[in-house]
Amino acid sequence: QVQMVESGGGLVQAGGSLRLSCAASGNILSINAMGWYRQAPGRQRELVATITSGGSTNYADSVKGRFTISRENTKNTVYLQMNSLKPEDTAVYYCNGDVVTRNFVRINYWGKGTLVTVSS
């Protein structure tokens, strides 16, 4: 079994910053891509950013230049630095990992989410 646990969410004023973390643990051999997604009330879950094990990144247009994704492979942890936050960034943020287990099974895992609220 694999667990992915997010932390770092909270309430922040517009223009402020937050840093999210997501640590994966359990039956892990390696993790390919890791990413952050978000879901605002009444909306579908959407991609925020992804990062490969080699460090290649991809961002949604709405967060380019404001958010930075990074990871520490030795800790199976992915981060999301969010700057210049806007009220429209308010959502539950979920981390995702493309995990290869020690049984050589490839499974996609999700965390339970952390709430980010940006006040105007």
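Figure 1. The term salt bridge is used here for a side-chain nitrogen of Lys or Arg within 4 Å of a carboxyl oxygen of Asp or Glu.

**Figure 2. Arg66 meets Asp89.** Here the N to O distance of the salt bridge is 2.7 Å. Arg66 sits in the loop between strand 6 (57-59) and strand 7 (67-72), while Asp89 belongs to the loop between strand 8 (77-82) and strand 9 (91-100), so the pair links distant parts of the chain, 23 residues apart (strands are DSSP runs of E, at least two residues, numbered from the N terminus). Arg66 is buried at 11% relative accessibility, and Asp89 is buried at 1%.

Figure 3. The closest N and O atoms of the Arg38 and Glu46 salt bridge lie 2.7 Å apart. Arg38 is buried, at 7% relative accessible area, whereas Glu46 is partly exposed at 29%. The search of the whole structure finds 6 salt bridges.

**Notes for all views.** Residues are numbered from 1 along each chain as its sequence is written, and side-chain values use heavy atoms, leaving out hydrogens and water. As the model is predicted, local features need pLDDT of at least 70 and side-chain atom pairs count only at pLDDT 80 or more, while totals for chains, interfaces and linings use all residues.

Methods:
Buried < 20%, exposed > 50% of the residue type's maximum accessible area, 1.4 Å probe, protein only. Helix = DSSP H or I, 4+ residues; strand = E, 2+ residues; numbered from the N terminus.
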